[in-house]
Every structure is written in C-alpha cells, then in structure tokens.
Amino acid sequence: MESTTATMSKFTVGSIVAFVALKLKKKSSRSQPAIGLKHMPKPRPTIFGTIAVDKTPAEDKRKHRQSVGPQSLSLSQMFDMAGSGYVGQNERFSKDQALIFQNGNLLSGSLESLIQHLVPTADYYPDRTYIFAFLLSSRLFIRPHQLFAEVCQLCSYQQNLTHDTINRDSLGKFGPHIVRLISEWTELFPYDFRDERMMKHMRDLTQRVISIYPELRKDISAVMHALLTRLSKLDTYENSLTRLSTESLQKSQTQAIPTTDIMEVCPSPVVLAQQLTHVELERLSMIGPEEFIQAFCKDRIESGTKFEDMKTTHNLESYVQWFNHLSYVVASEICSHLKKKNRVRMLEYFIDVAKECINLGNFNSLMAIIAGINMNPVARLKKTWARVNTAKFDILEHQMDPSNNFGSYRSSLKAAMWRAQCATNDRERVVVPFFSLFVKDLYFLNEGCSNRQTDGNVNFEKCWLLAKQISDFIAWQQVECPYEKNNKVMSYVQTLPVFSETTLSLASYECEQPENNYDRERHKQLKSQAGL
C-alpha cells in the first residue's frame, strides 16, 4: 500500500483557500466543500433546536458585563458583552497617549500608545479583552520578546523600579497587577514562552517584584508552574504526533495489502464517532490562537519581524493534515474492497458515522467523511452507489451544503454553540467546527482589513475583530471529551496507511472498470505511471 504523505502535504494552511474554492466550482450530485461570500441566512430550526436570537441592546450588554465578576465570564462571553468594539477604561489614554476612539470604541492608535495601554499601574489594570486582542495581533508589528522588553522598561520607568530604595506605598496595587498581567499572558499565549528571551524577561521582572512584594512569591510560583506544565504538555503532544507519523510510515512500508478494515476494529459507528471526537478535541486544544495570525499574515508582517522568528509551533498545520488524512482513510477503506457488497457495507457504515458526528457536534469529522466519500474514486462507483440507501447521506449533505456561504452549516453551528452555553451535561458542551471554513473566515477578515490606518496608526478595529472571532475558538478548545477513550480505535484511524491519489484511482478502477473513453484513457495513464 502506498503512503500519501507527499500527496497530502499539498493541503497546507496556505493553500486551503484555493482548495475550498476549487471544490465549490466542481459540479456533482453530491456537494463539495466550498466557501462563498454571501451573507448568512436568518437562523432557523436545526437538529439542535431553534436558535435563540439575542436582542439585548449593546449598551445594556456593557452594563451587564460591568456588573459581573471577571472570573465568571469566559473570554468569548466578554467579547459578546463588549458589543461592537473595545470601549476602554480611562479617557486619559485617549488624550495623553494618542488613542483614537470612534462612537465610543477604540479605533486605532500608535504602537507605543497601545503598549502603554497594556501596562498596568498602581490604580489601573487593562481589560482582559484588550489584553487578548492586543497580544494576539501585536506580533504583526513587534516580536513577543521585544514587546515584553517594552513592558518591562515601561514598568521600570513609571514605577522607578531601578531605584535602590522604593516606597512600596506609592506603588499601590502595581505588584498584584503586573503579576496578573504575566499570568494572563502565560495563560492566553503560553507558546510565546518557548522563546528563552521571553523567559528571561519574565524572570527578571518577577524577581524584582518579589523583592518588593515578598508575599507574591507563591502567586508567581503558581504562574510559572502552570506555564511549565502547559509547555511540557505541548512537548508531549508533539512527540506523540512524531510517533504516530513514524508508526504510519512503518506500516506503509511493511503492509502491502490491508489485513483488516475499520469495521473489524470498531463495528459500532457510534463508538467511532466518539473516538474521532477524542482526536478532534485533543488536536484542537493544542492550537495556539497566535498560530492563526502567523499562518495568514506572514506575508504582511512588517519589516524587522521575521516570520521564522515568530513560528515556534505547527499545530494548526497538523490539524489540517488530520482532516486530509481522515478523508483519505474513508476513501481508502471503501476502495480497498473488491466485492461490491463490502463496499456498500463500508459506505453505509461511514454514512452512519457521519450522522453520529453531527449529533455529537463534531462538524470537522463530519465534513472530512463527506469529503472522502465525495472523492472521485468513490463517487464514480455507480454500481456500488446503486445499492446504497442514500437518504441519510442526502440529509447530511444538506447540513453541509456550500450554498449561501454554508448557510445550513452555520445555522447548525450556532445551534450547537447555543446548546453548549445552556448545557446540562458534558456531552452537550462539545463543539468541533468545520475547521477549514473557520480558517477561511479569518483569512477573508485579514485580507479585508489593513494592519494600519492611512495615518500610520495601528488598526485596532481589525485586532478586535480577529480576537472576537478567535475567542469562540478558545471556548471550543477548553471542552474535555466526555466519552470513554478507546486507544486501539484511535491508534488505528491515526496510523492507518492510506492510498495515495494515484493508488486510490487505480483501486477504484479495479472495483468498477472504466465505462467511458475518458476513464479508459485515464486508467491507462495511471497504470503506465505506476509501471503496471
């Protein structure tokens, strides 16, 4: 069996826009993944129930948000409560630090003034939404370690931290505030601290803080412990991906013919859907929010900020590759059976798995399965499809219909998000989005907004919009999979050596001989290329 490592590598984050758009152009009786530019239709009843539309006025949202403690709201809820933009907390920043507001929302500002707004003082601490929005997009203009150095310098200058004798009373709550900022930075963007320069800045600043506020030593130790735990988890995850890749390669080199199929390993479609959800949530949880900025903005990063210097993780690319792998697993499992009844059985099995995925709120696996079934080597098997009950598949395809900019899917996703917010058990909290479409939305948002205004100021409105959209993603990441883990099934589906594009087409023609001149000619070309 031929491995598809080289084939699948072409579906990278950078090419995913063209890939999805190309799918939309293809005409088929079964829908193809695509993206349009039309507005989303009005919410309507879906399999998750009718979506409740929030009609709370923006001003009331702000008042409600101010009345709720900061720890009782998720980041996504904070952005929802904030309304259309960041309001700010102190008018002196708009006057003294050249921040520009419009209709009460922060519109833009110089990089220096935005950094100033990030730095806490004795009586000021920035809003969590501002911290996330600015730290997320600041890397377009300045490297994280340089930003941290600027923060340290401002703290030292404003609070006179370099003096041998410091009046602690004059510092007020500066100590707890700066520790809280470091805590939020390490929580929201822990991968920044893979850079030793970041760790050095943090050690230098926290040691100075401890010398003034000895009682904060325990809090700082807790922050450091949580950060190191997170970075250790990342190392473990990356090692596991390497191990899975090595195992898959070894199988492809030693296993010429499949000795089993997925139905023997996991007869239940429900169980497989649950195990796919385990894989999805594990891989989803490891993507850093800054990876989206790094993936789509690398051509627009300003001079002095090298993309290679920013990029420390590849979890987003690994997740895209997982989608491609699952699609090829589906197609390979179907086309590996020469007997028509076995192909029919396998097709109906995957349709049932897809149905369970949508019931679980796992839209990414759902779309990967549909994409695999819609690959030409499977779609052309007319004699096989004639024996398949396609009613259930037609319903699933309606949910993922690309028309109206995936209007049906977006309605289902909103319903799933509403269900998660009102969840009465852990199973209702699961939301795994169709990742390629989520990435597409961010791509168009990035392309449609400039990094800077015409006056040279940083376009904070863009920073806010990116952060607001990614805050939903963070909420999805934090859900633990509630289903029992089956390591055998998870290992099988992640390490299965799948057919390459050429081998898949040849297998399809072995299943059902070509019936027209085009297919006959293509079959000959493929056999010639394969040396058959």
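In this predicted model, Ser108 has Asn459 of strand β3 as its bridge partner. The pairing of β3 with strand β2 (residues 105-109) is antiparallel and runs over two bridges. Strands of a sheet are joined by backbone hydrogen bonds, in either a parallel or an antiparallel arrangement. Here the sheet is open and has three strands in the order β1-β2-β3, with antiparallel pairing. Its edges are formed by β1 (99-102) and β3 (458-459), each of which pairs on one side only. Helix α6 (residues 111-118) lies across β1, β2 and β3, and its direction makes an angle of about 130 degrees with β2.

Next comes a pair of helices. The packing of two helices is described by the angle between their axes and the distance between those axes. For helix α24 (residues 435-448) and helix α25 (residues 460-477), the angle is about 170 degrees and the axes are 10 Å apart. Because angles over 145 degrees count as roughly antiparallel, α24 is roughly antiparallel to α25. On the α24 side the contact is made by Phe435, Phe438, Asp441, Leu442, Leu445 and Asn446. Helix α25 contributes Lys462, Leu465, Leu466, Gln469, Ile470, Phe473 and Trp476. By class, the residues of this contact comprise nine nonpolar, two polar and two charged.

A further point concerns Thr246, which is located in helix α12 (residues 217-254). Its relative accessibility is 37%, so Thr246 counts as partly exposed. Along the chain, Thr246 and Thr495 are 249 residues apart, while 8.6 Å separates their C-alpha atoms.

Conventions:
Residues are numbered from 1 along each chain as its sequence is written. This is a predicted model: local features need pLDDT of at least 70, side-chain atom pairs count only at pLDDT 80 or more; totals for chains, interfaces and linings use all residues. Side-chain values use heavy atoms; hydrogens and water are left out. Axes are lines fitted to C-alpha atoms, for helices over the stretch in contact, and angles run from 0 to 180 degrees between N-to-C directions. Helices (H or I, at least four residues) and strands (E, at least two) are DSSP runs, numbered from the N terminus. Angles under 35 degrees count as roughly parallel, over 145 as roughly antiparallel, 65 to 115 as roughly perpendicular and the rest as oblique. Contact means heavy atoms within 4.5 Å. Ala, Val, Leu, Ile, Met, Phe, Trp, Tyr, Cys and Pro count as nonpolar, Asp, Glu, Lys and Arg as charged, and the others, Gly among them, as polar. Two strands pair if DSSP finds at least two bridges between them. Buried means under 20% relative accessible area, exposed over 50%, partly exposed in between (1.4 Å probe, protein chains only).
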